[in-house]
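Subject: Handing over a structure

Dear colleague,

After them I set out what was found.

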Amino acid sequence: MTNDDMAKIVDTNDEWIFSRSGIRQRHYSHVTTGEMGWLAGERALAAAGISADELDLVILGSTTPEEYCPNTASIIKNKLGATKAAAFDLNSACTSWLYGLNAATDMVKSGSIKKALVIGAERISVAMDWSKRESCFLFGDGAGAVVIEASEEKTGLLSAHMSCVPDSRECLHIPKWGLSTMHWTDDLHVSLNFEGQEIFKSAVKGMSESIAEVLRREGLTADDIDLFVPHQANVRIIQALAKRLNFPMEKIMVCIDKYANTSAAAIPLALCDALAEGRVKPGMTILTASFGAGLTCGAGIIRWGDRVEPLQHSDADIAPFEGTVFDLMKDSFAYYGVDAEHLLSK
Ligand SMILES: CC(C)(COP(=O)(O)OP(=O)(O)OC[C@H]1O[C@@H](n2cnc3c(N)ncnc32)[C@H](O)[C@@H]1OP(=O)(O)O)[C@@H](O)C(=O)NCCC(=O)NCCS
């Protein structure tokens with residue numbers, strides 16, 4: 001869905017969206033979070049050259065799991081055929097994948113597991129409120145995944161710092177997104193509430209503090225970082241962070257123009273794009289940082305291994321949606337009283 005498509009639904013335009021956020025388009029999925037996560041998982045396993053039954057753990061980082069009970073990670077685990085793997089969902093909003101990578105890495109380091117698949121997948125389009133032009137343009141659906149495994153080499157996530165800003169839960173909130181006694185009485189209309197400027201400031205501050213902490217722990221300075229792969233929520237947040245860290249934009253991976261904010265999927269998607277574009281080199285020191293509802297924050301230092309090419313490619317795929325984005329979203333638009341009939345394919 002391009003910004004021009006968006007302008008057919010809400011009172012906005014490409015110039016405003018791009019200049020305020022760096023976003024040009026976003027993708028909405030016709031399949032569930034579990035299906036997207038499964039496909040990302042299949043591709044990550046192929047790239048790593050390992051089979052699903054070698055996995056000890058599958059973590060799904062997501063704010064939009066398709067089912068809470070049983071969890072959505074178990075849907076993915078079963079579909080992959082990861083017979084001996086444990087499976088859990090982890091929700092810390094946009095930081096879910098980074099929190100998950102840290103949890104899995106610590107389990108590998110402790111020796112309790114050897115191989116893990118860490119997925120970030122979101123179908124956040126189902127929570128878009130088309131009466132709120134200030135937030136609906138910001139988000140998109142997507143999925144990304146990595147495989148980590150035990151190694152004698154000092155590679156992978158070397159250090160991570162996670163935090164949660166006190167008393168900031170109301171800044172970004174989706175009321176009724178979960179179970180409470182409200183479901184006996186209210187309709188389950190979900191709508192994302194947020195205070196953009198408050199989040200903007202907290203995000204820059206929170207990520208800067210976590211970055212300072214991981215650099216300190218590894219005895220590094222910003223000059224030692226070869227590539228920075230941050231959460232993709234707004235290019236202006238990334239620019240503000242770069243300025244605060246005195247870090248050159250040329251060394252930062254930015255792909256928000258293509259995907260918008262895909263929440264837990266944003267960093268693994270950006271990492272995959274950086275690999276595909278040849279920006280990741282063997283042995284590189286990569287910085288990552290994220291923030292999300294909570295407000296949760298985090299940063300990590302990743303030492304890349306020797307290989308930057310996938311060992312194999314998966315031929316797994318999902319049947320494409322037959323229709324336009326307006327066909328896909330027609331029920332959602334109708335729910336908010338948006339007259340999009342004239343945009344539907346006949
Ligand atoms: C949302 C965000 C892009 C807004 O940018 P901003 O520079 O703070 O813009 P403002 O909220 O001040 O809005 C400025 C004006 O644009 C208008 N506006 C809001 N949405 C608009 C849209 N989609 N199209 C056109 N105009 C819009 C506002 O009504 C306001 O008009 P006014 O000045 O006449 O009152 C920015 O605050 C942001 O990215 N925040 C954090 C994002 C976030 O929370 N991400 C999720 C967390 S992971």
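Which element gives the largest share of the shell around the ligand? Before the reply, please keep in mind that this is a predicted model. The largest share comes from α8, which gives 4 residues to that shell.

The shell as a whole is made up of 19 residues that surround the ligand, and the closest are Thr12, Glu134, Gly196, Ile199 and Asn234. When the residues of the shell are divided by class, 9 are nonpolar, 7 are polar and 3 are charged.

Where the ligand sits can be read from the domains. The domain assignment of the protein chain gives domain 1, covering residues 3–153, and domain 2, covering residues 157–303. Both domain 1 and domain 2 give residues to the shell around the ligand, and therefore the ligand lies between them.

The two domains also touch each other. The C-alpha centres of domain 1 and domain 2 are 14 Å apart, and 39 residues of domain 1 are in contact with 41 residues of domain 2. On the side of domain 1 that touches domain 2, the elements that give two or more residues are α5 (96–110), β3 (115–122), α6 and β4 (142–149), with α5 giving the largest share, 7 residues. By class, this side of domain 1 has 15 nonpolar, 17 polar and 7 charged residues.

As for the protein chain overall, it has 13 helices and 10 strands. Its radius of gyration is 20 Å, close to the 20 Å that the globule rule gives for 346 residues, so the chain is as compact as a globular protein of that length. Taken along the principal axes, the C-alpha atoms fill a box of roughly 60 × 45 × 40 Å. Of the 346 residues in the chain, 45% are buried. Among the contacts with a separation of 6 or more, 76% are accounted for by residues 24 or more positions apart.

With best wishes

Terms used:
Residues numbered from 1 in each chain as written. Predicted model: local features only at pLDDT ≥ 70, side-chain atom pairs only at ≥ 80, totals over all residues. Near = placed C-beta within 6 Å. Nonpolar A, V, L, I, M, F, W, Y, C, P; charged D, E, K, R; others polar. Domains from an automatic or database assignment. Rg over C-alpha atoms; globule rule 2.2 N^0.38 Å. Buried ≥ 20, exposed ≤ 12 C-beta atoms within 10 Å, placed from the backbone. Contact = placed C-beta atoms within 7 Å.
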